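Subject: Structure for you to look at

Hi,

Here's the structure I promised to pass on.

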Amino acid sequence: MVLVAVFGAALLIAVLLSGLAARTVLSTSFLFLVGGALVSDGFLGLIHITPDSEIVAVTADLALFAVLFTDGTHVSFPKLKQNWKNPARALGLGMPIALVGMALITHFLVGLDWTTSFLVGAVLAPTDPVFASAIIGRKEVPSKLRQLLNVESGINDGLALPVVLVLIAAAGPTASGQADMSYGAIALELGLGLVLGVVLPLLVNALVRFRLLGAEPKLQPLLPLAIGVLLYAVCHLTHANPYLAAFSAGAVLAAVSPEASKAFAPLGEALAELAKFAALLVFGALLTPQLFGDLSFGGYVAVVLAIVLIRPASMLLSLVGTRFDRRERLVAAWFGPKGFASVVYGLLVFQAGIPNGQEAYTLIAVCIAFSIIAHSSTDVPIAKLFHVENLAGIPSDDDDQDARPTRDAAADGPPEKVRATVPAHSGGGEGAARP
């Protein structure tokens, strides 16, 4: 219960400071991260959590599933079809460059073997605009820039996951026959997750069409929630990949039943935010002084280069020849924070028990922590360059729906930092706020 009490206190503080956070460099995500660190063994010692604790795996697993499911419900295939070129560049060119670049500096500066170095690159490749809340979803910011960051972050999690799983299998101390079987199991896991994610919402949507069935308005938001809960359980019972299933299920649901997705949005966003906050608190508890002390000087150099060089350079290269102006390119290049998916994938690396797994996890965890600090404290100053005013307010422009973040629902509501200060009925649509 100590952990529950700590989470409640952190949530209360985050809500009370959310208005201030929306106007300054303060971030509620950072508050949960610091709060977790303060109550851990490294400081006050109120909670005792290690990377292999069951609570870590459970909270991270649930949170990523919830985030990806709600992400999927925001997917608009018609809009994606119309504006795919810039995100395709970021995903098809920028992401591989970032992965390889991170692998190179990890190998030469940290001294990890090539397989583990590429694994670190794959884990840190996904991005998360949750720490760019003052920019995402604001009509003052060019729509093509918002869309680039949104679509890139929404898809790169799923693209990185198979690479992470394959590299974990390759780095494991297995014989060739066992490794082949592992690769087959990975393919089956991903394929089954995709099938379940597509089939389950289609079946439920077909049931709803029966004359005697259907949800009354006040219970309609619970229909997608029921799909998500059932899908999560079935995935774990069948060993299907829950993350791929979650995103695909949300996307299918948005395509076949937009009204259900719209009704679910306020509830889904609130649940996803709670799950993310809980996972950030738990992750913060893992950031002990010993963890930072275990990282070598070369590791810290690699962390800095990952944030200020690898991501910016890879994005700038991918945007060569596009119509982005210099300011827009620099903003897109900077806001590639190591996000929530990287936390989960990093824990997978640690718990896999591979050689050099501890060293890889340490580098990944420190890099994520530095990224949260760097990006969550710069979104407000950079937003002001685009003349974004009233950062704690609610954008009312319906066109903001074109820039719906795939990490949260800030397109129709306030930035995620101030979600808790805005009632759901206040006209904010899905009323999202960034952590």
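So, how many helices and strands are there in the chain? There are 17 helices and zero strands, where helices (H or I, at least four residues) and strands (E, at least two) are DSSP runs numbered from the N terminus.

Before the details, a word on the ground rules. This is a predicted model, so local features need pLDDT of at least 70 and side-chain atom pairs count only at pLDDT 80 or more, while totals for chains, interfaces and linings use all residues. Residues are numbered from 1 along each chain as its sequence is written, and side-chain values use heavy atoms, with hydrogens and water left out.

On confidence: pLDDT is the predictor's confidence in each residue, from 0 to 100. The chain averages 80, and 82% of the residues score at least 70. Over residues 174-181 the pLDDT is below 50, and that stretch has two contacts in the model beyond near neighbours in sequence (a contact means heavy atoms within 4.5 Å). Residues 393-435 also stay under 50, though here the model has 155 contacts beyond four places in sequence. Where pLDDT is low, the predicted coordinates should not be read in detail.

Now the overall picture. Of the 435 residues, 54% are buried (buried is under 20% relative accessible area, exposed over 50%, partly exposed in between, with a 1.4 Å probe and protein chains only). Among contacts between residues at least 6 apart in sequence, 78% join residues at least 24 apart. The accessible surface comes to about 18000 Å², with 68% of it belonging to carbon and sulfur atoms; areas are from the Shrake-Rupley method with a 1.4 Å probe, and for residues only the protein chains shown count as cover.

The structure holds three salt bridges, meaning a side-chain nitrogen of Lys or Arg within 4 Å of a carboxyl oxygen of Asp or Glu:

- Lys-144 pairs with Glu-328, with the closest N and O atoms 3.3 Å apart. Lys-144 is in helix 7 and Glu-328 in helix 14 (residues 326-334), 184 residues apart. Lys-144 is partly exposed at 31% relative accessible area, whereas Glu-328 is buried at 5%.
- Glu-152 pairs with Arg-311 at 2.5 Å between the closest N and O atoms. Because Glu-152 lies in helix 7 and Arg-311 in helix 13 (residues 297-318), the pair ties together parts 159 residues apart in sequence. Both Glu-152 and Arg-311 are buried.
- Glu-273 pairs with Lys-276, the closest N and O atoms being 3.0 Å apart. Glu-273 and Lys-276 are three residues apart in helix 11 (residues 258-285), so about one helical turn separates them. Glu-273 is buried at 4% relative accessibility, and Lys-276 is buried at 3%.

Helix 7 (residues 143-171) also holds Ser-153, which is buried with a relative accessible area of 1%. Ser-153 and Asp-71 are 82 residues apart in sequence, yet 9.9 Å apart from C-alpha to C-alpha.

Next, helix 10 (residues 242-256). Its 15 residues should span 21 Å at 1.5 Å a residue, and the end C-alpha atoms are 21 Å apart, which agrees (the expected span is 1.5 Å times one less than the number of residues). Helix 10 is mostly covered, with 11 of its 15 residues buried, including Pro-242, Tyr-243 and Gly-250.

Best wishes
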